[in-house]
Amino acid sequence: MLRRTAPYGVPFNAAQARLEAYQQFQAAITADKNDPAVMHSLDAQLHSEVWQNIGPGPIVLGQTPTDASPSSRSPVSGRVNAIAIDGIDSAVYIGGAQGGVWRSLDHGNSWVPLTDYLGSLAIGTIAIAPGSHPLNQATIYVGTGEANFSGDSFAGIGIYKSTDSGRTWQGPLGSAQFLNRAVSSIVVDSTNPQIVLAGSSTGYAGIDGEIPPNPPLRGIYRSTDGGNTWTQVFPNPAGTLRIARIVQDPNPSFTAPNTRFWAAATLSGTVGGALLRSDDGGLTWSIVDGVATGLPQIGTAGALNRTWITTTYAGGNTVLYLGTSDVPVSQQSGPNYFGGTLYKSVDGGTTWTNLTAADGFCQGQCFYDMPVYVEPGTATTVYTGGAGDGGDGSPLPTSFMQSTDGGVTFIDELGSVDGKSALHADIHDITTWPGAPNEVWVGNDGGIFYSTDRGAHWVSANTNQVLTQFQICDLHPTDPNQAYGGTQDNGTDSFLGNTAWSHSDDGDGGFALIDQGAPNFVTHTYFNESNSQIGASPAVNGPASQPADYFSFAGEIPGFITSGMNPSDAVLFYAPMQLDHSNPSTLYFGTQSLYIAPDFFNQTITQWNALTGNPPYTMHIFSPLGGSTNFGAAISPSTATGVISYIETVPNVVPNTNASAIFVGSSNGNVWRSTDSGATFTNVDGTVAQYVSQIAVYPRNPNIVIESRAGFSGGTPAHNVRISTDGGNTWADASNGLPDIPVNTVVWDPVFPGQIWAGTDIGMYLSTDEGATWYPYNQGMPNVAVFSLSANRDTHTVLACTHGRGAFRLNLDAIFIDGFDGN
């Protein structure tokens, strides 16, 4: 979120800025193709290469769940938020967090992307108009913006519509109502396909949502012309309500114009109004919770309270299940304090029963994952999804549970009964195949899975779809068929020459580094949090390392291990680290302070193996650098402070010696330089209060240094790339041709002198003149956020790792090679 902040904290429409940047990007591509001078320039630089996707499709032996045995580990891909199934076309549609919409026509054996070049790949919901349609002519609505309330749940730009089963798209529709929001739910009236209801929620475009001036109100919207125009039908002037789910009541007695709809809301700090009902086709709405018998007012004052509604028709009446994030009484005095309360009505919502067997079902992450789904046609089979454990004999509640007695009892179904497959945790959507209620499909942080026997056995449908959300990647120094990268909730993974990547380690993966001098050594971070966990774990089998190889940890876990850092340091969730470019066995680690770990790999493994007795343990790995330097000092007029966000070293002339010159960037915009191996630091660029996402020294001339800034400037020049030509003493903007968009990463071209690649929130840009001008260069790459770039001279390769569409490789023609130093 810090990478997508407004300029100096002023109200700013970041989603609008992103949409305008995307439009400029597309216009520039068209203009460049029609400009002989530009094309001649690119041709002269011999750039006709196309980005090639290298996966992961899928990640084999993924963390399903994290403590699963090898036999139950299943292929994974990345976060899937939405599922829609068309029984007529036998088509399954899934929506990724930043991966767009994909379709399978062969039951998940293979997938094709449908929306790679639309304005947003952040998918909140997918809806197929009910009823019959000619083959390949389904009407599909896709709501953009992810409503999961995570720091990388990107805001959307509206709704896209297809009338040919996803082959072509119209939109975005409803931008005035949904821009900068997340479209969390869409339902098409089964009695009149021109009537469409949509719910909007929060989609993050920066820290705390980056609320723009006069944003569109969240709530329920209604269209009477198939989605072309929208009117808000549930007023929300206070802005405290967000819609999580809308469903149509399946009772056939509700006919037009009196069709009934139910809406589950997310409340922000208020109590009551979480369950809504309309009896006139969505025109007007009434509050149900606190009114219906047995259903109290939902919510807790001062807290975010999310709900989820699911319904079916059985026994001559409407059956409803309502999941809420309220902490059940049974959990309030226990050690876990898990949210997740489930209610049931079998008489159309008149009376309700609290199903205590499901208490705590979303396990503390109801804001992020809490679907509830009742099997069509029966009142008794219901599924719940959440976070946490399961599949290994864990006590209830677990991440995925099933009840076959109407919620009286539940069983864990995260893992197959035979132990040979399992779901990933963090469940986001559940549905069944039309006409085959025994076939359950589940979307989660690991991708898409299905079962043909109501969850007794699971099949991973993660095959060739590429949805992985990378953080930081690295290249092998000599082998173009090896790479290594950290991902959101799918661990740290490795490219070994095949689009099916190897799962190297579990957990959240962050920075991932390969020792360029001894590539058998690799290291990565997990999550980092003050007074909880800070540090990194090494392995000795290179990118081919497996989870068991990461047996040691260098860092701080209070009560367990200390290694020379301050466990109370402020730190980024994905803490930065860097291996010295001259002496790659030396590791630097950034929190609010800078630390150095000489001979990191050998020392960590040796000292870990020497530990005896019971914790807490002490190792001597890290030492602080920079004295009392305040790396995150506020930059006026902003008052925001920061922590270290990036570290870069300047290679020494003498190899295998630690760098004399070190650059450090901060999350609030400072750039510091040391010329005495980190003993002291000077602030050399503290004028632009934007997140420093990367610093890259030009390998052919160390006096030229480029830095990327992730954030918005509120106009152009965007200040998102800056350059120094005197070793860091002075800096100037180098953003001509770049729109006002976060630049997440920069790297010098390993083959062509003076060329720079920049990864932005909307794709790739190239400069052929040391940053003086920039051109879009997305040949072969979707419109997706690029989070990490790495380049290698010996393999003539540039690696781009995206946050939602996996990894892409550019194989360069190796004509000019003169002194490039690797990554």
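Between which strands is the loop in which Pro-637 is found? I located Pro-637 in the loop between strand 45 (623-625) and strand 46 (644-649).

**Basis of the entries**

I worked from a predicted model, in which local features need pLDDT of at least 70 and side-chain atom pairs count only at pLDDT 80 or more, while totals for chains, interfaces and linings use all residues. Residues are numbered from 1 along each chain as its sequence is written, and side-chain values use heavy atoms, with hydrogens and water left out.

**Backbone entries**

I looked up the peptide bond that joins Ser-636 and Pro-637 and found it cis, with omega about 5°. I placed Pro-257 in the loop between strand 15 (241-248) and strand 16 (261-268).

I noted these bonds because most peptide bonds are trans, and most residues other than glycine have a negative phi. His-107 has a positive phi, near 65°, and is found in the loop between strand 5 (100-104) and strand 6 (112-113). I recorded His-107 as partly exposed at 27% relative accessible area; the scale calls a residue buried under 20%, exposed over 50% and partly exposed in between, with a 1.4 Å probe and protein chains only. Glu-770 also has a positive phi, about 55°. I found Glu-770 in the loop between strand 56 (763-767) and strand 57 (775-776), partly exposed at 31%.

**Strand 22**

I examined strand 22 (residues 341-345) and found five of its five residues buried. In a regular strand the side chains alternate between the two faces of the sheet. Thr-341, Tyr-343 and Ser-345 are buried on one side, and Leu-342 and Lys-344 are buried on the other.

I then traced the partners, counting two strands as paired if DSSP finds at least two bridges between them. Strand 21 (residues 317-324) pairs with strand 22 in the antiparallel sense over five bridges, and Leu-322 has Tyr-343 as its bridge partner. Strand 23 (residues 353-354) pairs with strand 22, also antiparallel, over two bridges; here Tyr-343 stands opposite Asn-354.

I followed an open sheet of four strands in the order 41-42-43-45, with antiparallel pairing. Strand 41 (577-579) and strand 45 each have a single partner strand, so one side of each is left without a neighbour in the sheet. Within the sheet, four bridges join strand 42 (residues 587-590) to strand 43 (residues 594-597), and Tyr-588 has Ile-596 as its bridge partner.

**Aromatic entries**

I found 24 aromatic pairs in the structure. Rings of Phe, Tyr and Trp (its six-membered ring) pair if their centres lie within 6.5 Å; planes under 30 degrees apart count as stacked, over 60 as edge-to-face and the rest as tilted. Phe-400 and Trp-458 are edge-to-face, at 5.4 Å centre to centre and 85° between the planes. Phe-400 lies in strand 26 (residues 400-403) and Trp-458 in the loop between strand 30 (447-451) and strand 31 (459-460), so the pair ties together parts that are 58 residues apart in sequence. I recorded both as buried, Phe-400 at 0% and Trp-458 at 4%.

Phe-573 and Tyr-574 have ring centres 4.9 Å apart and planes at 85°, so this pair is edge-to-face. Phe-573 is partly exposed at 41%, whereas Tyr-574 is buried at 19%. I also noted one aromatic cluster formed by Phe-521, Phe-589, Phe-600, Phe-601 and Phe-622.
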